[in-house]
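Trainee: Please pick one part of this model and go through it closely. Then connect it to the rest of the fold.

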Amino acid sequence: MAKGTAKSEESGSPRLPAGRHGLPREFIVQNQRERIITALVDTVAEHGYNATTVAHITKAASVSRRTFYEHFADKEACFLAAYDMVADHLRDSMRAAAESFEEWPQQVRAALATMLSFLAGEPELARLVMTEPVAAGGEIAARHRASVQGFAEILKAGRPQHGGARPDLVELTLAPYLGNEEAERLARSGS
């Protein structure tokens, strides 16, 4: 789903020929849905979620407003469908990468490398799942928070148990500046 793919043969969802073509209805419906989702990704990458309109999406997908509303209740529903597809793919990829190792540190490394590689290679999708949900707010931001929690659970799976709760993010942030021991001490003390 790269920029400009809504009209490209490379997207896997090329524009259908006009008029009667004898294609099965199920194929047409699936093709339209894929084109709409691809167009949403492209237009959000260009305009941002809040400035993207249904008109932007329908133009990029080469579908009518009526066709858009046959598939989605509104722009938010379309965004959530795209978001869920990307987040599910990312989560599944991270989980598969982690499961290929037995030791927890290697699992974390593999999962993070998979996530970062995907996000670096797909900047429009990275924006869709990492930046735009925060700007969009509402249900989209709530879905994003739940999704991020799911990513965190992948990273925590198999982690050695430590006594008590430990704010790992605090330690991770402070360690480069204060050293590992001091960062760990401060993270554990809550100071």
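Mentor: Start with His 71, which has 17% relative accessibility and therefore counts as buried; buried means under 20% relative accessible area, exposed means over 50%, and partly exposed is in between, with a 1.4 Å probe and protein chains only. This is a predicted model, in which local features need pLDDT of at least 70 and side-chain atom pairs count only at pLDDT 80 or more, whereas totals for chains, interfaces and linings use all residues. Residues are numbered from 1 along each chain as its sequence is written, and side-chain values use heavy atoms, with hydrogens and water left out.

His 71 lies in helix α3; helices (H or I, at least four residues) and strands (E, at least two) are DSSP runs, numbered from the N terminus. Setting aside neighbours within four places in sequence, His 71 is in contact with Val 29, Gln 32, Arg 33 and Ile 36, where contact means heavy atoms within 4.5 Å.

The loop between α2 and α3 (65–71) holds Ser 62. Ser 62 is not a glycine, yet has a positive phi of about 60°. Most residues other than glycine have a negative phi. At 26% relative accessibility, Ser 62 counts as partly exposed.

Beyond the neighbours within four places in sequence, Val 54 is in contact with Arg 65, Phe 68, Tyr 69 and Lys 75.

Lys 75 also links to Leu 40: outside four places in sequence, the contacts of Leu 40 are Ile 57, Lys 75, Cys 78, Phe 79, Ala 82 and Leu 128. In soluble globular proteins, nonpolar side chains tend to be buried together.

Now follow α4. The axes of α4 (residues 75–99) and α6 (residues 123–136) come within 10 Å and cross at roughly 115°; axes are lines fitted to C-alpha atoms, for helices over the stretch in contact, and angles run from 0 to 180 degrees between N-to-C directions. The crossing is left-handed, a label used if the near helix is turned anticlockwise from the far one by less than a right angle, with right-handed meaning clockwise. Helix α4 contributes Phe 79, Ala 82, Tyr 83, Val 86 and Ala 87 to the contact, and α6 contributes Leu 125, Leu 128, Val 129, Glu 132 and Pro 133. By class, these are nine nonpolar, no polar and one charged; Ala, Val, Leu, Ile, Met, Phe, Trp, Tyr, Cys and Pro count as nonpolar, Asp, Glu, Lys and Arg as charged, and the others, Gly among them, as polar.

His 144 counts as buried because its relative accessibility is 10%.

Further along α4 is Met 94, which counts as buried because its relative accessibility is 0%. Met 94 and Ala 111 are 17 residues apart in sequence and 4.4 Å apart in space, C-alpha to C-alpha. Outside four places in sequence, Met 94 is in contact with Ala 111, Thr 114, Met 115, Phe 151, Ile 154 and Leu 155.

Helices α5 and α7 also pack on each other, at about 145° with axes 8 Å apart. Trp 104, Val 108, Ala 111 and Leu 112 of α5 meet Ile 154, Leu 155 and Lys 156 of α7. Six residues of this contact are nonpolar, none polar and one charged.

Overall, the protein has nine helices and zero strands. Of its 191 residues, 38% count as buried. Among contacts between residues at least 6 apart in sequence, 60% join residues at least 24 apart.
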